[in-house]
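Q: Please take a close look at one part of this model and describe what surrounds it. Then place that part in the rest of the chain.

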Amino acid sequence: MMKKVITNPSLRSAVNLRSSIFPEEVSSHASALLSSLSVDGTHKLPDLKYDYDAIQPVISAETMTIHHSKHHNTYVTNLNVALEKLDTAMSSGDVSTIISLEGALKFNGGGHVNHTLFWENICAVGESSEPTGDGPLSSSITESFGDIETMKKDLSAATIAVQGSGWGWLGYNPKTARIECATCANQNPLQATTGLIPLLGIDVWEHAYYVDYRNVRPDYVNAIWSVINWSTVEKRLVDASKK
Ligand code: MN3
């Protein structure tokens, strides 16, 4: 396949400079994605910081393998295809094609962004350590929810109630400087959809739990709390509150 994914720096900046001519959603997705391109201009499947079997029995090695190497990989592949088409359409000023790519960018770009965040949100069994004391995450949870058990209960309930495929999120609201729960349908990315900065995401597409929990989504959501990487959540909160 011809590698033509906006490798030219001036073209990349032109996409941002000229973004006012595009519908808002296209330009916001495109700008967010362009800022995370790797050196050769294409997106890559990120390596995991743990083995596929490290999350067992909460998430099986089979689920982790398929989820990361097949599902996430497909979002990356299709995102690169969409960006290549966007590059071609940008070069020729083909506004109609640019607009038609919005759905593919949102779905595959969102899928890539969401899963990249998700892998960092979980950790090997036995390594999860809930925030306590007066650290930034613990304080923020207390301020917004009262205590961590209430936060977990609220986020679990919202996530379990997602209709069809989607995600539950704990996000930082820059307008109120508080954290809150939210859900997104399909692969809609949290920040581009709601303005909240993602701290913790729970994937409730069936591919994330069906092998291990069949149709019982609540069991999966309740179990995932034992493998949350709280230091990632806290780091994202600290970074988000600086912006
Ligand atoms: Mn998934």
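A: Leu45 sits in the loop between helix H2 (24-34) and helix H3 (61-91). Helices (DSSP runs of H or I, at least four residues) and strands (runs of E, at least two) are numbered from the N terminus. The model is predicted, so local features need pLDDT of at least 70 and side-chain atom pairs pLDDT 80 or more, while totals for chains, interfaces and linings use all residues. Residue numbers start from 1 along each chain as its sequence is written.

Setting aside neighbours within four places in sequence, Leu45 contacts His72, Asn73 and Val76 (a contact is a pair of backbone-placed C-beta atoms within 7 Å). From Leu45 to His72 is 27 residues along the sequence, yet 7.2 Å in space, C-alpha to C-alpha.

The loop between H2 and H3 also holds Pro57. A cis peptide bond, with omega about 0 degrees, joins Gln56 to Pro57. Most peptide bonds are trans, and most residues other than glycine have a negative phi.

Two residues elsewhere have a positive phi. For Asn186, phi is near 55 degrees; Asn186 lies in the loop between E2 and helix H8 (190-194). Asn186 is partly exposed, because it has 15 C-beta neighbours inside 10 Å. For Arg214, phi is near 50 degrees, and Arg214 lies in the loop between helix H9 (210-213) and H10. Arg214 has 11 other C-beta atoms within 10 Å and is therefore exposed.

Now the chain as a whole. The protein chain has 11 helices and three strands, in the order α-α-α-α-α-α-α-β-β-α-β-α-α-α. Of its 243 residues, 34% are buried.

Val76 is one of the contacts of Leu45.

Trp169 contacts Ala182, Thr183, Cys184, Leu190, Leu196, Pro198, Leu200 and Gly201, leaving aside its neighbours within four places in sequence.

H7 and H10 pack at an angle of about 150 degrees, their axes 10 Å apart. Axes are lines fitted to C-alpha atoms over the stretch in contact, with angles from 0 to 180 degrees between N-to-C directions. H7 and H10 are therefore roughly antiparallel, the term for angles over 145 degrees. Ser156, Thr159 and Ile160 of H7 meet Arg217, Pro218, Val221 and Asn222 of H10.

Notes
A residue is buried if 20 or more other C-beta atoms lie within 10 Å of its own, exposed if 12 or fewer, and partly exposed in between; C-beta atoms are placed from the backbone. Two residues are in contact if their C-beta atoms, placed from the backbone, lie within 7 Å. Angles under 35 degrees count as roughly parallel, over 145 as roughly antiparallel, 65 to 115 as roughly perpendicular and the rest as oblique.
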